[in-house]
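My notes follow the display.

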Amino acid sequence: MICAYWRRNVTALIDSSLSRAQEKRVRTHLKTCDSCREFYAEQTEMTKAVQALPTPSGPPPEVWSAISRRIASEQVKQSPAIHSWKWWEAPRLAYAAAAVILLFGSLLVVQQREQLVVQQLAEIDAFTYSVQGNPFYGEPATPENPFFRPIESLGQNPFTGSRGASK
Amino acid sequence: MSSEISQDELRQVVERAQDGSLEAYHTLYSLYGKPVYHFIWRLIGKPEEADDLTQETFMKVYAEIGNLRNPGQFKYWLFRIARNEVYQRLRRKKTRKAETSLDTEEISYYDFLPDESLGTNPEGSLLSEELVAVINQALASLRPKYRDVFVLAVYEKMSYEEIAQVVGRSLLSVKTDIYRARLAVKEMLTDYLSRKK
């Protein structure tokens with residue numbers, strides 16, 4: 001296994017950023033690899049040295065004083081909280097929602113009126129046909145009998161020897 | 001890193017701050033003022049600038065906290081603002097320097113020395129001033145993308161997952177950057193120690 005791979009994990013081990021399983025694997029590797037073990041020792045030592053650098057106790061009280069003074073003097077305007085935002089309070093969206101509702105409402109009214117007109121016309125037709133008869137309705141035409149032919153078209157009568165119908 | 005508050009409590013405090021509660025906002029400052037100040041101080045190197053940038057960071061937090069969608073992410077969001085404030089300041093300095101070209105002095109991130117305002121550390125007292133200067137120099141020589149992850153990992157002791165949230169890079173990238181930063185710092189220390197022998 002290439003040590004560069006392990007060393008990335010060794011530094012992560014020092015920074016306590018490995019899962020238990022990963023930590024176990026790295027520690028097992030450290031037992032078998034002198035080079036990585038040396039790297040681990042050096043990095044641990046370096047970390048301690050760097051962390052031992054003097055650090056300030058914290059921001060001086062003047063920092064908070066300045067912040068609260070600036071807030072009090074309303075130099076900074078706070079943006080409204082997203083979590084308390086209500087969509088219907090936004091004017092643009094409210095207008096858009098109202099327009100959509102209006103559009104669908106008027107479409108529904110137009111559709112209902114059309115249906116009413118069609119129904120009324122049908123009632124008028126029904127009344128008219130009951131009085132005058134339905135001009136669109138007639139007896140179906142009798143289909144032509146394929147077995148029937150006029151006797152004249154039969155030619156000579158084989159029984160009488162005459163042509164055309166026998167008398 | 002301050003963790004004296006549960007995630008639920010933090011969420012509630014952030015939400016109250018979002019609704020404009022100054023008291024809640026002060027609680028957030030009490031919780032995170034110190035680690036943010038340390039982080040800025042490590043990145044910029046000068047205490048007086050750290051004061052100023054901490055103030056700017058929290059002013060921005062006050063102004064923008066309403067836009068934070070997930071109050072549980074407050075810590076990462078806060079550190080990201082602090083980091084951006086530092087980078088903006090460094091960029092402005094660089095531009096100003098390029099414009100004037102009269103100021104020949106390098107931007108010194110770590111030209112500070114311990115003073116009365118600094119806390120005392122028993123291990124720190126064992127270090128010679130020279131070694132402190134070497135470590136500071138090593139940190140200052142790091143590229144910003146290495147320096148911020150290094151500071152967050154080694155000083156602020158954040159996990160790599162948390163650091164990835166702050167810097168907005170992948171976990172793998174953070175892992176690699178910290179590794180490289182550690183190698184660079186170690187190399188400078190080794191040089192110093194070998195010269196001393």
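For handedness I took a crossing as left-handed if the near helix is turned anticlockwise from the far one by less than a right angle, and right-handed if clockwise. I worked on a predicted model, where local features need pLDDT of at least 70, side-chain atom pairs count only at pLDDT 80 or more, and totals for chains, interfaces and linings use all residues. Residues are numbered from 1 along each chain as its sequence is written, chains are lettered from A and ligands numbered from 1 in the order in which they are written, and side-chain values use heavy atoms, with hydrogens and water left out.

Helix pair. I looked up helix 1 (residues 3–14) and helix 3 (residues 34–51) of chain A, whose axes (lines fitted to C-alpha atoms over the stretch in contact, with angles from 0 to 180 degrees between N-to-C directions) come within 10 Å and cross at roughly 35°. The crossing of helix 1 and helix 3 of chain A is right-handed.

Interface. I then found 57 residues of chain B in contact (heavy atoms within 4.5 Å) with 42 residues of chain A. The buried area (accessible area, 1.4 Å probe, lost on putting the two parts together and summed over both) is about 4600 Å² between chain B and chain A, and carbon and sulfur atoms give 63% of it. Of the area that chain B buries against chain A, B:Met59, B:Tyr179 and B:Arg182 supply 16%, more than any other three residues.

Salt bridges. Across the interface of chain B and chain A the rule (a side-chain nitrogen of Lys or Arg within 4 Å of a carboxyl oxygen of Asp or Glu) finds three salt bridges. I noted that A:Asp15 forms a salt bridge with B:Arg182, with the closest N and O atoms 2.8 Å apart.

Terms used
Helix = DSSP H or I, 4+ residues; strand = E, 2+ residues; numbered from the N terminus.
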